[in-house]
Amino acid sequence: GLTLADLDALAGRDPGAALWDLMNDDDTVARLSPDGGTRLQRVRTILGRCIAGRRRAPLRRWIEGTWLALGGPACVENAADLDDALAFLGQLDELEEGGDLADFEVLAERVAGLYALPDAPAGTRLQIMTIHKAKGLEFDTVILPGLGRAPRHDTARLLLWQERARDDGRHDLLLAPIRAAADSVDPVYRYLAEFDKTKGTHEDARLLYVAATRARARLHLIGHVNAAAKTLAPQPGSLLARLWPAVNAAFEEIAASAPGASSEDENGVAPPATVIRRLPAGWCAPAPQDVAWEMPPESPPEEDVPHGGVEFSWASETARHVGTVVHRFLQIITEDNVARWDDKRIATLHDAFARELARLGVPRSERDAAVLRVATALGASLRHERGRWLLSEHRQAQSELRLTGVLDGALCNVAIDRTFVDDDGVRWIADYKTGAHEGGDLEAFLDREQERYRGQLERYARLMHALEPRPIRLALFFPLLGGWREWSFQ
């Protein structure tokens, strides 16, 4: 929230210095205004705690926590901006390696490819569509933006051809191949290329006519030209070029008045000054609110956190990502054909496993062990009798099936790892669990896991039963443990 004058006082004298060093230099800070000094002190305190916690928590949680402490959510204009922030934080989740970013350029490229999410509370009066989709429709107001942009140049095609009608009703085919690099331009190819270009110009005019005639009451045409060019003209090939004979006078009038434009409007009123949107100097986050909450009876109890709450995030994060990759490739196996898969084929996919794990953010130091764990889980699934049966072809078989419904008055979204109908007409719902067990008494551990996940699978069954009233059996499959548990849903 610093003003431009305070920013200059902070960094203007030494633009090559690290900003964090300047923020911690007392002489530099003393040059700020009282308001600027108050604001900088608050930000410096928050960022100091942030820097001290670097790589001690997952990257997304680290950045998001700092953003919340700075008051980021209080600066947004609407709820859709929060969704956009979550999209950015999601990119950090995907690119993290050991609590940091391996390459900032990759993040920049990803962010450049993001688009703002639609505003869910917005009404339905505004529709955005291509000109082709608007054909046959009408609207009170039509806005056509970007008319000054020229389309990309078409790459030379391998073959060009054109049918030509004869007087007797038959047709000739005029055909020309692309020239070789050492050859001169083929006149037939050049003729056909110009012919296609002319057809494209006519098609552009037709599309523009279609778009303009969709409006019942108001039509807004938005285009631009380069005012600094010697000749005021639109880019060749743009839709504005098709309109130019009708609109060039308006553009020339604006261009003629631009150099001597006054800072006041025609009524002598100066335009409003630019407003800096910032938090008040004494802003602080709202106090936490008490929320009454009871754990649903089907939810498993939280396990005690060992070692006084110290977070071993990398082990848990890597295990979670291993599970994601295993689930992904088990789905691929079911969509392909389990008969085509064996240990030899899995051995050829180690590089693919490594790429998937890297994309999810598994650090290099843990990637080899994670690849081995993925391969072990997939191989064990194929060798296990019930596991291979689970992955085989069945009636109405689906993997990663997503269902949404209302349970106990609340909206419920689930993803079912594997479901199908067996030869006896029973619907099976199975979940893969890729966890390991280092202690003894494996059977007791599997029994506990069955009780732990019973509520989860029975929620799946309740949603499925609402779709089809047939018998349902539930199953848990543990590839790394060779474990299997199944029971009937009542």
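Tyr191 and Phe195 are 4 residues apart in helix α9 and are therefore separated by about one helical turn. The model in which this pair occurs is predicted, so that local features need pLDDT of at least 70 and side-chain atom pairs count only at pLDDT 80 or more, while totals for chains, interfaces and linings use all residues. Residues are numbered from 1 along each chain as its sequence is written, and side-chain values use heavy atoms, with hydrogens and water left out.

Helices (H or I, at least four residues) and strands (E, at least two) are DSSP runs, numbered from the N terminus. On this basis the protein has 16 helices and 11 strands. Of its 490 residues, 31% count as buried; buried means under 20% relative accessible area, exposed over 50%, and partly exposed in between (1.4 Å probe, protein chains only). Among contacts (heavy atoms within 4.5 Å) between residues at least 6 apart in sequence, 62% join residues at least 24 apart.

Aromatic pairs were counted for rings of Phe, Tyr and Trp (its six-membered ring) with centres within 6.5 Å; planes under 30 degrees apart count as stacked, over 60 as edge-to-face and the rest as tilted. By this rule the count comes to 8 aromatic pairs. The rings of Tyr191 and Phe195 have centres 6.3 Å apart and planes at 35°, so this pair is tilted. Tyr191 is partly exposed, with a relative accessible area of 38%, and Phe195 is partly exposed at 31%. The pair of Trp389 and Trp428 is edge-to-face, with 5.1 Å from centre to centre and 85° between the planes. This pair links distant parts of the chain, since Trp389 belongs to helix α15 (residues 385–391) and Trp428 to strand β9, 39 residues apart. Trp389 counts as partly exposed at 24% relative accessibility, whereas Trp428 counts as buried at 5%. Both belong to one aromatic cluster, formed by Trp389, Phe420, Trp428, Phe477 and Trp484.

Helix α9 (residues 187–212) also packs against helix α10 (residues 239–257), at an angle of about 75° and with the axes 9 Å apart. Axes are lines fitted to C-alpha atoms, for helices over the stretch in contact, and angles run from 0 to 180 degrees between N-to-C directions. Helices α9 and α10 are therefore roughly perpendicular to each other; angles under 35 degrees count as roughly parallel, over 145 as roughly antiparallel, 65 to 115 as roughly perpendicular and the rest as oblique. The contact is made by Thr201, Asp204, Ala205 and Leu208 of α9 and by Leu239, Arg242 and Leu243 of α10. These residues divide into 4 nonpolar, 1 polar and 2 charged (Ala, Val, Leu, Ile, Met, Phe, Trp, Tyr, Cys and Pro count as nonpolar, Asp, Glu, Lys and Arg as charged, and the others, Gly among them, as polar).

An open sheet of 5 strands has the order β7-β8-β9-β10-β11, with mixed pairing; two strands pair if DSSP finds at least two bridges between them. The edge strands, each pairing on one side only, are β7 (395–407) and β11 (483–488). Neighbouring strands of the sheet are turned by 30° against each other on average, direction ignored. Strand β8 (residues 410–421) pairs with strand β9 (residues 427–432) in the antiparallel sense over 4 bridges, and Thr419 has Ile429 in β9 as its bridge partner. Helix α16 (residues 442–467) lies across β7, β8, β9, β10 (472–478) and β11, running at about 140° to β10.

Most residues other than glycine have a negative phi. Gln396, in strand β7, has a positive phi of about 50° although it is not a glycine, and counts as partly exposed at 42% relative accessibility. Asp408, in the loop between β7 and β8, likewise has a positive phi, of about 55°, and counts as exposed at 63% relative accessibility.

Two buried helical residues were also examined. Leu330, in helix α11 (residues 313–336), is buried with a relative accessible area of 1%. Leaving aside neighbours within four places in sequence, Leu330 is in contact with Leu378, Ser381, Leu391 and Tyr432. Leu330 and Ser399 are 69 residues apart in sequence and 8.6 Å apart in space, C-alpha to C-alpha. Thr66, in helix α5 (residues 59–70), is buried with a relative accessible area of 12%. With neighbours within four places in sequence left aside, Thr66 is in contact with Ile46, Leu47 and Cys50.
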